Amino acid sequence: MATPKPAPVALDAISKAIIEQLQADGRRPYAAIGKAVGLSEAAVRQRVQRLVESGVVQIVAVTDPLQVGFTRQAMIGIKAEGDLQVLADALAEIPEVDYVVITAGAFDILVEVVCEDDEHLLEVLNQQMRTLDGVRTTETFVYLKLRKQLYNWGTR
């Protein structure tokens with residue numbers, strides 16, 4: 001049975017402006033956001049709360065994996081058989097996995113992992129990923145140097 005797709009949340013121009021303010025700086029005070037978008041601090045607080053509760057935004061601390069002890073990152077392309085959504089859900093349960101996407105093209109699923117080192121990456125691949133039902137092949141793209149990663153793409 002397919003998981004129901006959440007209904008899109010209607011965003012007005014002010015909500016979009018608040019999101020863009022938070023994408024630029026997730027710690028920006030509500031008073032400063034209010035000044036930028038023309039609302040009171042309380043109104044911004046309420047809107048942000050609704051955006052979080054509806055799943056439109058998450059407010060999190062994004063770390064540099066290298067600075068917190070994770071020296072190996074990789075993107076893993078998976079060719080699969082069977083129900084891709086079931087496999088994607090199983091992959092998403094692996095703690096080292098931080099990104100899962102079902103794709104069209106050479107791979108059926110792309111997965112990003114953050115590991116302590118190469119030995120840890122090998123363990124994740126061999127004991128956790130390749131043993132899952134539906135995984136036919138994997139191809140691992142080891143990150144040598146991260147040059148750009150942004151989260152400020154704005155809204156439409």
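A salt bridge is a side-chain nitrogen of Lys or Arg within 4 Å of a carboxyl oxygen of Asp or Glu. The legends below describe close-up views of a predicted model.

**View 1. The salt bridge between Arg 47 and Asp 12.** The side chains of Arg 47 and Asp 12 form a salt bridge, with an N to O distance of 2.9 Å. Arg 47 belongs to helix H3 and Asp 12 to the segment before H1, so the pair ties together parts that are 35 residues apart in sequence. Arg 47 has a relative accessible area of 17%; because buried means under 20%, Arg 47 counts as buried. Asp 12, at a relative accessible area of 36%, is partly exposed. In general, side chains of opposite charge can pair when their charged atoms come close.

**View 2. Helix H3 and its buried face.** Helix H3 comprises 13 residues, 41-53. At 1.5 Å a residue, H3 should span 18 Å, and its end C-alpha atoms are 18 Å apart, which agrees. Which residues of H3 are buried? They are Val 44, Arg 47, Val 48 and Leu 51. Seen down the axis of H3, these buried residues fall within an arc of 100 degrees, so they line one face of the helix. An α-helix has 3.6 residues a turn, so residues three or four places apart point the same way. The cover over the buried residues of H3 includes helix H1 (13-24) and helix H2 (30-37). After H3 comes Gly 55, whose phi is positive, near 85 degrees.

View 3. The twelve residues of H1 should span 16 Å at 1.5 Å a residue; the end C-alpha atoms of H1 are 17 Å apart, which agrees. The buried residues of H1 are Ser 15, Ile 18, Ile 19, Gln 21 and Leu 22. They cover an arc of only 160 degrees around the axis, which puts them on the same side of H1. These buried residues pack against H2 and H3. What does the face of H1 turned away from its buried side carry? That face carries the exposed residues Ala 13 and Ala 24.

View 4. The side chains of Glu 41 and Arg 45 meet in a salt bridge, 3.2 Å from N to O. Both residues lie in helix H3, four residues apart, which is about one turn of the helix. Glu 41 is partly exposed, at 39% relative accessibility. Arg 45 is also partly exposed, with a relative accessible area of 41%. Ala 42 and Val 124 are 82 residues apart in sequence and 45 Å apart in space, C-alpha to C-alpha.

View 5. Arg 72 forms a salt bridge with Asp 118, and the closest N and O atoms are 2.5 Å apart. Arg 72 lies in strand E1 and Asp 118 in helix H5 (residues 118-129), so the pair ties together parts that are 46 residues apart in sequence. Arg 72 is buried, with a relative accessible area of 16%, whereas Asp 118 is partly exposed, with a relative accessible area of 47%. Gln 73 is found in strand E1 too. Is Gln 73 buried or exposed? Gln 73 is buried, with a relative accessible area of 12%. Not counting residues up to four places away in sequence, Gln 73 touches Pro 65, Glu 112, Val 113, Val 114, Phe 141, Val 142 and Tyr 143.

View 6. Val 60, Val 62, Tyr 151 and Trp 153 make a nonpolar surface patch of about 460 Å². Val 62 is placed in the loop between H3 and strand E1 (72-80). With a relative accessible area of 54%, Val 62 is exposed, because exposed means over 50%. Asn 152 is found in the segment after strand E4 (135-142) and is partly exposed, with a relative accessible area of 44%. How many residues apart in sequence are Asn 152 and Asp 25? They are 127 residues apart in sequence and 9.2 Å apart in space, C-alpha to C-alpha.

How values were computed: Residues numbered from 1 in each chain as written. Predicted model: local features only at pLDDT ≥ 70, side-chain atom pairs only at ≥ 80, totals over all residues. Heavy atoms only, no water. Helix = DSSP H or I, 4+ residues; strand = E, 2+ residues; numbered from the N terminus. Expected span 1.5 Å × (residues − 1). Buried < 20%, exposed > 50% of the residue type's maximum accessible area, 1.4 Å probe, protein only. Arc of directions from axis to C-beta. Contact = heavy atoms within 4.5 Å. Patch = residues over 30% accessible without salt bridge, like charges linked within 9 Å, V, L, I, M, F, W, Y side chains within 5 Å. Areas by Shrake-Rupley, 256 points an atom, 1.4 Å probe, with all protein chains shown as cover.
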